[in-house]
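Hello,

Here is the structure I promised to pass on. Please open it alongside this note, and then read on for what turned up.

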Amino acid sequence: MIQDGKLVAFATETVYGLGANALNPVAVAKIFEAKERPHFDPLIVHLCDQSQLEEFVESVSETAQALVDHFWPGPLTLVLPKRDIIPDLVTSGLPNVAIRIPERDSARELIQKAGVPIAAPSANRFGSVSPTTAEHVLDGLEGRIDAVLDDGACDIGVESTVLACPADGTATLLRPGGLSLEEIEKVIGKVNQLDPHENRDDSPQAGPGMLSRHYAPSKPIQIVSSLQEIRDCNSKGALVMGCQETNHFAVVENLSPSGSLVEAAANFFAALRRLERTEIDSIVAMPFPNEGLGRALNDRLKRAAAE
């Protein structure tokens, strides 16, 4: 199906991706159509082996190579100078391409057997909650895609970390994700932070998942510093982690009673989907500790709550 230009959703360790032949512009266009995704939001190209990298990128800095050696396969996407073989539609017309090698064996096997790199954003309608099971994929895309490869629930549960790695050897965090900033900085030292005010929602994005509103459920989200400040709790749902007083909320999703950020990340998107299916008016959530996977969870929470 991939070779024939069709759309196949598949599991990675992060979330389910909606895959098509990255070298076929017509197939790539079908991704944007199925997701109703704006063409200025670039896609991630998935490879199955490091040896493929030089075929699709112009250069790999020492910094980028160190990251490749330490973290691929895994939940890290690198934005690198692209070769012309990558269609401009994949990169929203920009000269760089987002590339990663997924850790999940079934994903790499699919890419290897297809014999082409696979472009794949998350397998959901654009801007909505990301899918971490095959059932989540069908909730939003049934009838719009050709197949789903069901490989169970995703392990990490949030999208990959995205770093821009130009030829000058610098590294800039574009999107926090499944690989923590702390782990990355142990390998390459200080990583630059992108000024959020520099990113416009109406122009080509430097990387995927950077729009101010994204990952959003159908119910509005309110981020609070304390659950005690909320009134009329019987019409609201609570998204929490650890020990919290939540007796007065209509519905409660505790992502990790023990306070584990790893467990919370794995449960995050599935919990948002369950909450949006209830009769509540809105969702109340507290920020996560801003470290490790908590940085990625706070990023998704902020974008999901944006108006």
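Is the crossing of α7 and α8 left-handed or right-handed? It is left-handed. Please keep in mind that this is a predicted model.

**The helix pair**

Helix α7 covers residues 261–276, and helix α8 covers residues 293–305. Their axes lie 9 Å apart, at an angle of about 30°. Angles under 35 degrees count as roughly parallel, so α7 and α8 are roughly parallel to each other. On the α7 side, the contact is made by Leu 261, Val 262, Ala 264, Ala 265, Phe 268 and Phe 269. On the α8 side, Leu 293, Gly 294, Leu 297, Arg 300 and Leu 301 take part. By class, this contact has 9 nonpolar, 1 polar and 1 charged residues.

**Cysteines**

A search of the whole structure finds 0 disulfides. Cys 154 is in no disulfide, and the nearest cysteine sulfur, that of Cys 48, is 19 Å away. Cys 154 is buried, with a relative accessible area of 7%. Cys 243 is exposed, at 75%. The closest cysteine sulfur to that of Cys 243 belongs to Cys 233. The two sulfurs are 18 Å apart, which is too far for a bond.

**The loop between β4 and β5**

Two residues here deserve a look. Thr 91 is found in the loop between β4 (76–81) and β5 (96–100). Its relative accessible area is 2%, so Thr 91 is buried. Leaving out residues up to four places away in sequence, Thr 91 touches Pro 42, Lys 82, Ile 86, Asn 96 and Val 97. Ser 92 also sits in the loop between β4 and β5. Ser 92 is buried too, with a relative accessible area of 12%. Phi of Ser 92 is near 55°, a positive value in a residue other than glycine.

**Other backbone points**

Glu 36 has a positive phi as well, near 60°, and is not a glycine. Where is Glu 36 found? Its place is the loop between α1 (25–35) and β3 (44–46). Glu 36 counts as partly exposed, at 48% relative accessibility.

Next, the peptide bonds. Trp 72 and Pro 73 are joined by a cis peptide bond, with omega at about -5°. Pro 73 lies in the loop between α3 (62–71) and β4.

Best wishes

Conventions
Residues are numbered from 1 along each chain as its sequence is written. This is a predicted model: local features need pLDDT of at least 70, side-chain atom pairs count only at pLDDT 80 or more; totals for chains, interfaces and linings use all residues. Side-chain values use heavy atoms; hydrogens and water are left out. Helices (H or I, at least four residues) and strands (E, at least two) are DSSP runs, numbered from the N terminus. Buried means under 20% relative accessible area, exposed over 50%, partly exposed in between (1.4 Å probe, protein chains only). Contact means heavy atoms within 4.5 Å. Axes are lines fitted to C-alpha atoms, for helices over the stretch in contact, and angles run from 0 to 180 degrees between N-to-C directions. Angles under 35 degrees count as roughly parallel, over 145 as roughly antiparallel, 65 to 115 as roughly perpendicular and the rest as oblique. A crossing is left-handed if the near helix is turned anticlockwise from the far one by less than a right angle, and right-handed if clockwise. Ala, Val, Leu, Ile, Met, Phe, Trp, Tyr, Cys and Pro count as nonpolar, Asp, Glu, Lys and Arg as charged, and the others, Gly among them, as polar. A disulfide is a pair of cysteine sulfur atoms within 2.5 Å.
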